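Subject: Structure handover

Hi,

Here is the structure for you to open. My notes on pockets, helix packing and backbone follow below it.

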Amino acid sequence: MRCPISRPATVRLVFPQWQGGYDETAYPGQIYAFGSYLLNFLAPKTSDPVLEVPVPAWHEGMEAPKEGGVFYRSMILQQMEAATALLAAHKPDRVITLGGDCLVSQAPFAYLNERYEGDLGILWIDAHPDITTPKDFDHAHAMVLGNLLGDGEPAMAAMVQRHVLPSQVLYAGVDNVLAHERATMDRLGLKAVPSASLMQDSSAILDWIAASHVTRLAIHLDLDVLDPAFFTSLLFVNPDVPDPIEAEHGKLRLAHVARILQDVEAATQVVGLSIAEYMPWDALNLKKLFASLAIMH
C-alpha cells in the first residue's frame with residue numbers, strides 16, 4: 001500500500017504591522033492592519049496553523065517616535081522578536097506571511113534562511129528595492145531587504161542571525177531607482193529583471209532559478225509592483241490624498257504576477273511567500289460607514 005506523501009509543515013503568519021509603513025491619511029496605521037486581516041480572509045482555508053503577531057493598533061493621538069532616524073523603531077523590533085519567537089516555537093518548513101508593511105518579510109525570511117542554512121533563493125517582486133537606510137528615509141519598510149543583507153537599519157539588521165547573500169536575491173519589477181539605491185545595488189551586485197521583460201514571460205526568472213540551482217525559494221510580493229491604473233488597493237491610489245507621495249509606480253498587472261508565481265511554483269519548491277502593502281481603501285471606508293450607522297450596532 002502506497003503511503004501518502006506528507007505535506008510540508010506550513011504556518012500562516014498574520015502580521016498586521018503598520019509602524020514601518022507610510023500612510024498620508026489622518027488615520028495612519030489603520031489600512032495596513034486591515035489589509036492584513038482581509039488577506040487572511042481572502043486566502044484559501046486550510047488546516048495549517050494561523051499565527052498572529054501581536055501588533056498594537058493605531059489610535060488617535062498616538063505618538064510617532066523617531067529613534068535612530070526611524071519611526072517606531074522600538075515597537076518594530078518588539079514585533080520582529082514576537083514573529084521570530086512564533087516561528088521558532090512552531091518550526092515550520094514553509095511560511096506564508098500576510099501583511100502589513102514590507103517589513104513583515106524580515107522575520108520569516110531570516111528564519112527560512114537560517115533553517116535551510118543559506119540554501120534559499122529570494123525573489124523580490126516589488127517596484128522598489130527596499131535597501132534604503134535611515135540616512136535617506138525614515139520609514140523602515142523601505143529597509144527590509146537591506147536588513148536581511150546586513151545593511152539597512154543597524155538594530156534591525158542585527159536581528160538577522162544569518163544574513164542573506166546578494167547572490168541569493170533576484171528583483172522582479174524593479175525599474176527606476178533613486179541614486180542612493182542604485183549605488184547600493186551596484187555595490188552589492190544585486191540583479192533585477194525589468195517589468196517589460198516580465199510582461200512577456202517568466203523566462204528571466206526561470207533562467208536565474210536554473211543557473212543558481214535554487215531548490216528552495218522565498219517570494220516577497222509587494223503589491224505596489226502592480227500598475228495602480230488597474231489595481232487600486234495601493235498606497236498611490238488613496239482617494240483621500242489628492243497628491244500622493246512621489247515614488248516609482250508598479251507597471252505589472254495581476255495576470256502577469258499570477259503567471260510568474262505559477263511558473264515559479266512549477267520550477268522550484270516555494271517555502272516562503274509574503275504579501276505586503278495591500279491597502280484596500282474602498283473596503284476600509286465602507287467598514288467605517290457601517291460602523292457609523294446605529295442600525296449596525
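How much space lies in the second largest pocket? About 420 Å³. A word on the source: this is a predicted model, where local features need pLDDT of at least 70, side-chain atom pairs count only at pLDDT 80 or more, and totals for chains, interfaces and linings use all residues. Residues are numbered from 1 along each chain as its sequence is written, and side-chain values use heavy atoms, with hydrogens and water left out.

**Pockets**

The search used a 1 Å grid over the protein atoms alone. A pocket is an open set of points where a 1.4 Å probe fits, with protein on both sides within 12 Å along at least five of seven lines. Lining residues have an atom within 4 Å of a point. Grid points are joined across faces, edges and corners, and a volume is the space filled by probe spheres set on the points.

The second largest pocket is lined by 23 residues. H128, F137, A142, E181 and A247 lie nearest its centre. By class, this lining has ten nonpolar, five polar and eight charged residues. (Nonpolar covers Ala, Val, Leu, Ile, Met, Phe, Trp, Tyr, Cys and Pro; charged covers Asp, Glu, Lys and Arg; the others, Gly among them, are polar.)

The largest pocket has a volume of about 760 Å³. Its lining has 31 residues, and P44, I96, E265, L273 and I275 lie nearest the centre. Elements that give two or more residues to this lining are β1 (10-15), α1 (30-42), β5 (94-99), β9 (216-222), α9 (254-267) and β10 (269-276).

**Helix packing**

Two packed helices are described by the angle between their axes and the distance between the axes. Axes are lines fitted to C-alpha atoms, for helices over the stretch in contact, and angles run from 0 to 180 degrees between N-to-C directions.

Start with α8 (residues 203-211) and α9: their axes come within 10 Å and cross at roughly 20°. That makes α8 roughly parallel to α9. (Under 35 degrees counts as roughly parallel, over 145 as roughly antiparallel, 65 to 115 as roughly perpendicular, and the rest as oblique.) The crossing of α8 and α9 is right-handed, meaning the near helix is turned clockwise from the far one by less than a right angle. I205, L206 and I209 of α8 meet I260, D263, V264 and A267 of α9. (Contact means heavy atoms within 4.5 Å.) This contact has six nonpolar, no polar and one charged residues.

Next, α1 packs with α10 (residues 281-291) at about 100°, axes 10 Å apart. The two are therefore roughly perpendicular. Q30, I31, F34 and L38 of α1 touch W281, A283, L284, K287 and K288 of α10. Six of these residues are nonpolar, one is polar and two are charged.

Last, α2 (residues 73-90) and α3 (residues 106-115) come within 9 Å, axis to axis, and cross at roughly 40°. They are therefore oblique to each other.

**Backbone**

G99 and G100 are joined by a cis peptide bond, with omega about 20°. G100 is in the loop between β5 and α3. Y72 has a positive phi, near 60°, and is not a glycine. Y72 sits in the loop between β4 (70-71) and α2.

Best wishes

Methods
Helix = DSSP H or I, 4+ residues; strand = E, 2+ residues; numbered from the N terminus.
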